[in-house]
Amino acid sequence: MPTPRAARKPMADPDPELRLAVQFASAAAELPARAQIRRWVAAALEHAAEITVRIVDAEEAQSLNQDYRDKAYVPNVLTFEYGELPVNESGARVLGGDVVICAPVVEREAREQGKPLQHHYAHMTVHGVLHLQGYDHIDPHDADIMESREAAILKRFRIPNPYSS
């Protein structure tokens, strides 16, 4: 007998509403296309969202990491969650935040890991969007959940699991 509709666990919207701004603030040569970034973000979303993805050079990434996290190194990705914004036209709460990706670090890591650059950009984009939604990897159990989610999303784009050796 089917479960009554009201008692079912809510499922993530397969096509959540997305307002996305993509900013290129990097001199890097092989940046992903805006349309591709949109596809990666949309695939990782479980809620309606307003997100800015900004691709930057090392100086900006390090400055943001120092100013907001009190860490002096250049990160590959930073996520700034703004929590829920007011409801949208359909009455849904909207998640807000920024994902900042450092092009030189992503390029270096892709080279060191022997993977295509666009695959690593996809991974960092998905990783950042999952952080916006509350996923984390500090605790090993939480890391397993987040990494499994990342691998499943990337698989849709025929990108191998970044955590497999």
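Helices (H or I, at least four residues) and strands (E, at least two) are taken here as DSSP runs, numbered from the N terminus. On that basis, the elements of the protein run β-α-β-α-β-β-α-α-α from the N terminus on, with five helices and four strands.

A word on the source. This is a predicted model, in which local features need pLDDT of at least 70 and side-chain atom pairs count only at pLDDT 80 or more, while totals for chains, interfaces and linings use all residues. Residues are numbered from 1 along each chain as its sequence is written, and side-chain values use heavy atoms, with hydrogens and water left out.

Turning to burial, 41% of the 165 residues count as buried, meaning under 20% relative accessible area, against over 50% for exposed and partly exposed in between, with a 1.4 Å probe and protein chains only.

As for contacts (heavy atoms within 4.5 Å), among those between residues at least 6 apart in sequence, 60% join residues at least 24 apart.

Finally, the rings. Rings of Phe, Tyr and Trp (its six-membered ring) pair if their centres lie within 6.5 Å; planes under 30 degrees apart count as stacked, over 60 as edge-to-face and the rest as tilted. The structure holds one aromatic pair. Tyrosine 68 lies in helix 2 (residues 58–69) and phenylalanine 80 in strand 3 (residues 77–85), 12 residues apart. Tyrosine 68 counts as exposed because its relative accessibility is 60%, whereas phenylalanine 80, at 16%, is buried.
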